Number of protein chains: 2
Amino acid sequence: MTRERDLVTILPEGRTIQAARGEILADILTRAGMPLSLYCHKRGLCGKCLVQVVRGDLPLPDDLERTLASRLSWPTGYRLACRLTVESAIAIEVPERSLLREVPILETGTSTEVIPEPAAKKYAVDGRTFAADRAASLFDALAAALGTGALSCKDGVLGKLPGLAGGTFTAVVYEDRELLDIEPGDTTDLCLGAAVDLGTSTVVVDVLDLVSGRSLGRASAVNSQAAYGADVVSRLTYAFERPDHLQRLRRAITRQLAELIREASGQAGDSPAALRDIVVAGNTAMNHLLLGVAVESLAVLPFEAVFSRLGPLDAAAAGLDLPAAARLYVVPNIRSFVGGDITAGLAASGLAKRKGSWLFIDLGTNGEIVLKKGRELIAASTAAGPAFEGMNISCGMLAVRGAVDRVAWRDGFVLSTVGNDPPRGLCGTGILDVLALAVGHGLIAPDGKVAGPARSLSVGPGIALTQADVRNVQLAAAAVKAGVRMMLREFRVRPNDLDGVLLAGAFGNSVNIDHAMQLGLIPVLPLDRVAFVGNSSLAGAKKLLLSAPARAEAEDLVGRIRHFSLAADARFQDEFIAALEFKPDAGGES
Amino acid sequence: MTRERDLVTILPEGRTIQAARGEILADILTRAGMPLSLYCHKRGLCGKCLVQVVRGDLPLPDDLERTLASRLSWPTGYRLACRLTVESAIAIEVPERSLLREVPILETGTSTEVIPEPAAKKYAVDGRTFAADRAASLFDALAAALGTGALSCKDGVLGKLPGLAGGTFTAVVYEDRELLDIEPGDTTDLCLGAAVDLGTSTVVVDVLDLVSGRSLGRASAVNSQAAYGADVVSRLTYAFERPDHLQRLRRAITRQLAELIREASGQAGDSPAALRDIVVAGNTAMNHLLLGVAVESLAVLPFEAVFSRLGPLDAAAAGLDLPAAARLYVVPNIRSFVGGDITAGLAASGLAKRKGSWLFIDLGTNGEIVLKKGRELIAASTAAGPAFEGMNISCGMLAVRGAVDRVAWRDGFVLSTVGNDPPRGLCGTGILDVLALAVGHGLIAPDGKVAGPARSLSVGPGIALTQADVRNVQLAAAAVKAGVRMMLREFRVRPNDLDGVLLAGAFGNSVNIDHAMQLGLIPVLPLDRVAFVGNSSLAGAKKLLLSAPARAEAEDLVGRIRHFSLAADARFQDEFIAALEFKPDAGGES
């Protein structure tokens with residue numbers, strides 16, 4: 001008789017694992033730290049935890065496993081770890097494909113990893129093994145086959161059930177408790193989702209395979225609401241000018257989203273009908289306009305958001321015209337000026353799980369600052385204006401071909417451009433470089449005054465910064481600097497105590513950290529404590545699309561993050577004036 | 001110092017209740033068995049647990065209670081039991097209106113009581129006390145004000161929030177977790193629901209006040225689907241003749257329901273806009289047609305229902321055109337031939353909670369039989385045909401004016417009619433009376449043969465039962481008798497061991513029990529063990545409308561009730577033949 005230990009040997013390594021007689025193999029392997037794929041939560045539905053039994057006596061497979069084995073044509077000796085009770089010593093090999101692998105989520109300059117555990121899943125069901133005569137109805141029989149006690153159902157799905165229940169069909173299940181749809185045949189190899197970065201200027205849609213986590217296609221465009229106003233404020237104003245304006249803005253973005261989703265799905269040759277889940281990360285205003293929710297409260301004091309956490313919505317009800325039923329998850333807003341894009345960024349950068357004190361800064365028209373201190377999370381926002389995006393700068397432009405994005409100094413400015421095209425203007429990172437170098441070389445005084453009678457700084461052929469341009473950057477930088485300083489002081493964190501600063505937003509990963517520190521935009525820290533998280537909004541949308549547990553963590557984060565109102569604090573104006581000076585912020589002295 | 005006992009004295013009785021110092025008064029009173037109204041679950045929102053404090057020192061009311069007190073203009077000395085911490089001895093009076101009273105639900109011949117605890121509730125909120133600056137958004141502030149952690153929201157409600165949040169408004173909340181709607185002002189005094197008996201022949205709608213449980217209006221009509229087929233089979237056939245037929249049937253009934261709901265609401269002078277919840281009890285086929293779900297599987301072997309338990313639906317999405325957002329709860333079907341009407345009947349009659357062994361029989365075109373034995377519940381159905389409704393009887397008619405509904409014997413038949421009108425024909429109860437009396441007086445043989453050469457039994461002027469009529473009743477009765485006998489035998493219950501028989505359905509409460517026993521339709525039992533539960537379907541719909549806990553119990557019942565397939569059992573035909581004879585069923589001999 002085998003002793004109740006060393007029951008499972010894993011080949012080829014030969015590692016042995018102790019187990020109690022009668023334990024399920026999947027539980028044994030999971031306990032031993034093996035990242036076994038348990039997509040269907042050990043319900044014997046997906047066949048993804050297949051192992052090869054090399055040695056040992058085995059109980060016979062049950063009906064469920066036999067059916068699955070014949071449908072998926074397993075070779076002899078392969079068994080489902082989640083259905084196998086270990087009664088005596090066995091030796092197994094675990095195929096690579098039965099192991100979960102973290103999927104890297106790459107955006108410009110940031111990398112985050114996630115184990116796919118999507119909200120939308122597919123399970124193939126053999127309708128011929130259906131025992132509706134033992135269940136109250138076909139729907140109950142399906143719920144039993146899916147191993148879910150309380151399955152709810154979208155209107156219209158039920159009607160498809162009788163026609164499909166005679167053969168193999170695929171159930172699309174959301175959060176393991178809602179039947180979203182059923183499809184004829186076994187379509188489990190294709191279940192798509194879309195991650196959306198819903199920016200005020202640009203909309204980016206990434207279509208992902210929800211099972212493997214791979215990106216399959218991308219489409220982007222200028223936000224079609226731009227026709228009604230370039231920035232948030234003008235769009236909000238337009239929205240409450242007339243009752244139908246809000247709906248016009250809504251229709252513009254929902255149509256565009258549906259188009260971009262179709263386009264990105266098509267790139268991999270996949271039908272958008274396989275798309276079942278959409279995660280949108282946008283700022284609070286964009287999220288409100290997307291759902292057609294009145295925005296008056298966002299535009300007037302005390303600037304209140306109407307919603308924050310909403311849970312998954314019905315995509316069709318939200319106005320997205322897609323070929324199949326899908327869910328729409330709007331990443332929760334933290335506050336009126338700290339939106340779902342920041343929540344997504346925090347999720348992507350894993351801020352809440354980092355040890356120590358961290359600062360997350362998203363630089364854009366609105367500068368959002370999140371301070372993490374121990375278990376505390378505090379968010380604030382500060383109005384920077386569009387200078388960082390090159391928008392109110394005479395020679396400013398977006399970081400497209402011909403934009404000067406990096407500037408060095410060799411007895412004068414040396415310009416690099418996007419695509420190595422002839423320089424046409426400065427984008428945000430180029431502007432910062434020029435300013436830092438100009439201050440360093442005395443072309444601009446620390447108080448922002450441009451040297452020389454013309455009060456204009458020539459950067460290259462046809463490109464110059466005017467005094468007004470410098471003032472605009474100065475104001476934008478001061479807003480962020482003052483915000484950071486206020487928060488650090490309020491919550492008693494010295495800049496030097498920061499374990500790191502994460503920079504997200506407009507600059508992407510190409511900003512020169514040293515220059516940003518010289519201008520005081522971020523506190524002076526060893527360079528290795530500053531990291532770029534690039535388009536963390538899109539990265540976060542992808543992470544939340546691929547992982548339902550990450551979604552739960554993000555909701556929890558939004559529930560406990562505190563908001564620190566900079567504008568309401570009288571000291572902010574003082575801090576702002578002091579921050580106007582271009583100089584490094586070493587902390588403490590101010 | 002007061003000892004930690006006898007802290008609360010209830011006047012005028014003078015009864016004292018022990019309590020620990022620091023306990024909440026509502027908890028003390030509830031523990032002492034006082035049925036205190038806790039509509040808002042002790043969240044201080046509804047003001048329904050008001051008590052008068054006659055003696056004793058009290059802590060000051062908190063902000064929430066003060067706001068409520070000023071809005072509802074309480075006299076001095078009144079306090080909310082759910083917000084009052086008892087620190088020293090007090091004497092109180094509990095006003096009658098602060099106590100829950102069971103609401104009797106009366107239908108023909110049946111009475112059941114229920115404590116209102118509806119799924120749809122209204123809470124008034126003072127928007128001016130809103131602290132959205134402390135919550136993430138207006139919606140979060142509302143969720144906090146309602147004391148619900150995870151509040152979800154119907155599309156379209158959010159848009160109303162900014163406009164109303166400045167003053168007093170009313171939140172319509174479903175199952176204490178979904179914000180169904182918001183309304184300006186305090187409308188908590190009017191929250192309506194509709195209970196619907198969705199019969200194949202007749203549709204009855206009762207509109208109730210969900211707070212008090214009072215019936216406010218009733219409307220009924222012939223099921224508008226009757227234009228496409230008088231009975232279930234012809235309607236199912238029509239439904240799958242052409243794809244658009246199913247939707248035509250759906251539209252017919254959804255339009256009619258919306259109309260009847262408006263009509264019944266209007267009777268009490270109330271706006272149907274106050275209607276927020278609808279409970280429909282129908283047979284499985286009617287429920288499928290109501291939701292536009294394909295009915296093929298109901299019409300062909302093995303006769304499978306597509307759905308059973310669905311949870312609450314969105315009334316508008318289900319096609320009901322009503323002036324305000326409402327929920328639609330379709331009482332769950334047990335099986336293809338045992339529908340939500342039976343589930344409702346079981347809920348109304350409290351079958352599952354009765355002690356011992358009980359039989360529930362619903363007599364109609366389909367005879368549904370439910371046997372309760374100990375904790376076991378078994379359901380079966382048997383095809384009786386429409387004879388009990390007087391439908392395939394030459395002189396048969398529904399129980400309307402002029403129908404003979406009771407027959408006695410004084411040297412011949414003595415007829416009573418509905419409305420005392422001249423007799424025009426026989427309804428179900430009249431037919432049973434005539435048959436029992438005819439068999440008893442030798443005018444019809446126990447084998448059903450009508451005496452005399454004409455093979456016709458004259459009942460009154462122009463009213464006679466033909467041999468074919470008698471055969472039709474004989475077949476209908478045999479189907480039910482055989483079903484009851486099979487079930488009793490299968491589950492080892494002797495008729496005499498039955499603690500009672502509950503009769504529901506076509507006969508209402510006017511059938512002569514003695515006659516039914518003489519014909520063998522129900523087992524011979526002491527008369528006091530047989531009860532009529534009349535239109536238990538409507539009574540059940542009302543109960544489930546008024547009580548969310550009763551709904552949970554009904555769902556649980558449907559989940560555990562077993563189905564016994566009579567048709568699939570070879571012995572049924574033997575039992576059926578034997579049951580054709582008109583004779584009392586004393587049990588055991590067969």
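Helix axes are lines fitted to C-alpha atoms over the stretch in contact, and the angles between them run from 0 to 180 degrees between N-to-C directions. In this predicted model, helix α9 (residues 340-349) of chain A packs against helix α13 (residues 536-546) of chain A with the axes 7 Å apart and at an angle of about 70 degrees. Because angles of 65 to 115 degrees count as roughly perpendicular, α9(A) is assigned as roughly perpendicular to α13(A). On the α9(A) side, the contact is made by A:D341, A:A344, A:G345, A:A347 and A:A348. Helix α13(A) contributes A:S536, A:S537, A:A539, A:G540, A:A541, A:K543 and A:L544. By residue class, the contact of α9(A) with α13(A) comprises 6 nonpolar, 4 polar and 2 charged residues.

The residues of the contact of α5(A) with α6(A) divide into 4 nonpolar, 1 polar and 3 charged.

A nonpolar surface patch of about 270 Å² is made by A:M391, A:L398 and A:V400. Of these residues, A:M391 is located in the loop that lies between β22 (376-383) and β23 (403-409) of chain A.

Conventions
Residues numbered from 1 in each chain as written. Chains lettered and ligands numbered in written order. Predicted model: local features only at pLDDT ≥ 70, side-chain atom pairs only at ≥ 80, totals over all residues. Heavy atoms only, no water. Patch = residues over 30% accessible without salt bridge, like charges linked within 9 Å, V, L, I, M, F, W, Y side chains within 5 Å. Areas by Shrake-Rupley, 256 points an atom, 1.4 Å probe, with all protein chains shown as cover. Salt bridge = Lys/Arg side-chain N within 4 Å of Asp/Glu carboxyl O. Helix = DSSP H or I, 4+ residues; strand = E, 2+ residues; numbered from the N terminus. Nonpolar A, V, L, I, M, F, W, Y, C, P; charged D, E, K, R; others polar. Parallel < 35°, antiparallel > 145°, perpendicular 65-115°, else oblique. Contact = heavy atoms within 4.5 Å.
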